[in-house]
Amino acid sequence: MVVFYLGCSISPKEAMQKMGIPIRNKESHCNMAIYKTAVPCSTVGSFCCPLVVTMMPIPKDKLEAILHDIYLTRGLQGEPIHIGCPDLLGIEDRSKPDHGEPLMLQPGDVPVFWASELTSLEAVSSCRSPLAFTSAPGYTVVFDQKDKSIQVSHPGEVPEVHCISQNPLQYSITSSSSVQKIRELENIIARDPGNRGIKYLFNKDELLKASLSLSHAHSVLITTGFPTHFTHDPPEETDGPPGAIAMAAILQALEKEVAIVVDERAMSLHRKIIEDSVNQGILKTTIPLLSYQGQEIGSAFMFLCKDRDPDSPRFDHLVAIERSGRTADGNYYNARKVNIKHLVDPIDDLFLAAQKIPGISSTGIGDGGNELGMGKVKTSVKRHIKNGDVIACDVEADFAIIAGVSNWGGYALACALYLLNINNIHERYLRRAVGLPTPSSRAAAWAQALPSVIKEEKMMRILVQHQVRSGVSGNVGMEVDGLPFHGIHAEMIQQLIDVTTM
């Protein structure tokens, strides 16, 4: 017989005691609640089992301080694997743990889950060994050796906790250094070359929260398209599609499912953009291209959910970049107050339906307040943006990223996703501490998917090549929002990449 001694579950008890927070299972003389999850561990030989976790309720206002303390004394291995709704781990009833006693959450508490050493019991059971002995849950082996605190080599990498969803409740973790860089990206794209007054629309950390939410997503739907150039066929502007492709490229590299939905009248243009992006190496593979007309009641739910079942959404994050946004009167306006409703399909309905489906989050990227998702800042749009009282989009997204040019927001979001996924703290939390850390080869592939000046110049050429102006093909011009690409746009892309990769 071979004996294995496994370290006991990391718990926040010591940190909670330091802060004077009562430990409820100790007060009630019961064992900590332990649950089997639906998260599969990595199979090794004949060992194949689900992850087992412990749960401890922690006051929301103390959460980050407690995790800081645990990290500084225990390191990365001390971090939780999930913070928020137990349903996301496949735990159907928190009041019925597999071991121990359930703990009631008090107002202001957040359920926090740590990987449990009892996962080993599931592993031993799964291999069907003819004979095995284990200690019973709640009966640990105690040594006379002192538990030594570790020395954290990078104190700048302490974790930060951010809420990314209320329905279901979900938090994410990354390091303070990656947060600092993403905030720097957000400040860079806030430059206002058109002097539109976008600084009044800015809300701090929208880029951070959107990128954290997207990092947890499995399937993403992107939409773009704002008809403004009426002498072009189709009348799309060059702001939007390049940013959409840049986001799709990094999402593909991160092995997420990606689809794009656009107006029916612009399907041919976007199909050619996707094909050429694949041929020129901007995209790894082709992307499903969809349209949505919303011809009947319930069309949006049918589009977003499998068999109209809100528990089975096809997408868990929607992103709109430079997409015409519906106003309170039901119309769509460009910045000059021209009604363009006849050119716009009701893709807004998907974002409205997503608000009622748990597990689907949304992001809007805009530069003027009349884009889909900017309903979140509509009060500021009406007050500070020219013609805002008429053009303000009424449809909200969960996260509203404001940029001087919407493409910049797409580039920044791609860079933020890269920064998160190369971060050790976020990467471990994302895979719930199961399996091995991401190999450097995958990180290199993610870097290859980042936007660049060369790639975005190719994208611009692809876009203008497939538009027709006054009956003459390929003469639209290398401009975005009236500004030449080789100038402020190229400088912006390079600045974002420098911050991301330095």
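Tutor: Asp69 is buried, with a relative accessible area of 18%. The model here is a predicted one.

Student: Why does Asp69 count as buried?

Tutor: Buried means under 20% relative accessible area, and Asp69 has 18%.

Student: Which side chain does Asp69 meet in a salt bridge?

Tutor: Side chains of opposite charge can pair when their charged atoms come close. Here the partner of Asp69 is Lys18, at 3.0 Å from N to O. Lys18 is exposed, at a relative accessible area of 56%.

Student: How many salt bridges does the structure hold?

Tutor: There are 16. One of them joins the side chains of Arg196 and Asp367, at 2.9 Å from N to O. Arg196 sits in the loop between helix H5 (176–189) and helix H6 (206–216), and Asp367 in the loop between strand S12 (361–366) and helix H11 (378–384), so the pair ties together parts 171 residues apart in sequence.

Student: Are Arg196 and Asp367 buried, partly exposed or exposed?

Tutor: Arg196 is partly exposed, at 33% relative accessibility, whereas Asp367 is buried at 2%.

Student: Which residues join Glu236 and Arg265 in a network of salt bridges?

Tutor: Start with the pair itself: the closest N and O atoms of Glu236 and Arg265 are 2.4 Å apart. Glu236 lies in the loop between strand S8 (232–233) and helix H7 (241–253), and Arg265 in the loop between strand S9 (257–262) and helix H8 (267–279), 29 residues apart. Through shared partners, salt bridges join Glu236, Asp263, Arg265 and Arg323 into one network. Within it, Glu236 is buried at 2% relative accessible area, and Arg265 is partly exposed at 30%.

Student: Now the helices. How are H13 and H17 oriented to each other?

Tutor: Read the crossing angle. The axes of H13 (residues 406–421) and H17 (residues 485–501) come within 10 Å and cross at roughly 15 degrees. Angles under 35 degrees count as roughly parallel, and H13 and H17 are therefore roughly parallel to each other. Their crossing is right-handed.

Student: And what is the case for H16 and H17?

Tutor: The axes of H16 (residues 453–465) and H17 come within 9 Å and cross at roughly 135 degrees. H16 and H17 are therefore oblique to each other; this crossing is right-handed.

Student: Which residues form a nonpolar patch on the surface?

Tutor: Val3, Tyr5, Val141 and Phe143, with about 460 Å² of accessible area together. Val3 lies in the segment before helix H1 (13–18) and counts as exposed, at 59% relative accessibility.

Key:
Residues are numbered from 1 along each chain as its sequence is written. This is a predicted model: local features need pLDDT of at least 70, side-chain atom pairs count only at pLDDT 80 or more; totals for chains, interfaces and linings use all residues. Side-chain values use heavy atoms; hydrogens and water are left out. Patches are made of residues with over 30% relative accessible area and no salt bridge: like charges are joined within 9 Å, nonpolar side chains (Val, Leu, Ile, Met, Phe, Trp, Tyr) within 5 Å. Accessible areas come from the Shrake-Rupley method with a 1.4 Å probe; for residues, only the protein chains shown count as cover. A salt bridge is a side-chain nitrogen of Lys or Arg within 4 Å of a carboxyl oxygen of Asp or Glu. Helices (H or I, at least four residues) and strands (E, at least two) are DSSP runs, numbered from the N terminus. Buried means under 20% relative accessible area, exposed over 50%, partly exposed in between (1.4 Å probe, protein chains only). Axes are lines fitted to C-alpha atoms, for helices over the stretch in contact, and angles run from 0 to 180 degrees between N-to-C directions. Angles under 35 degrees count as roughly parallel, over 145 as roughly antiparallel, 65 to 115 as roughly perpendicular and the rest as oblique. A crossing is left-handed if the near helix is turned anticlockwise from the far one by less than a right angle, and right-handed if clockwise.
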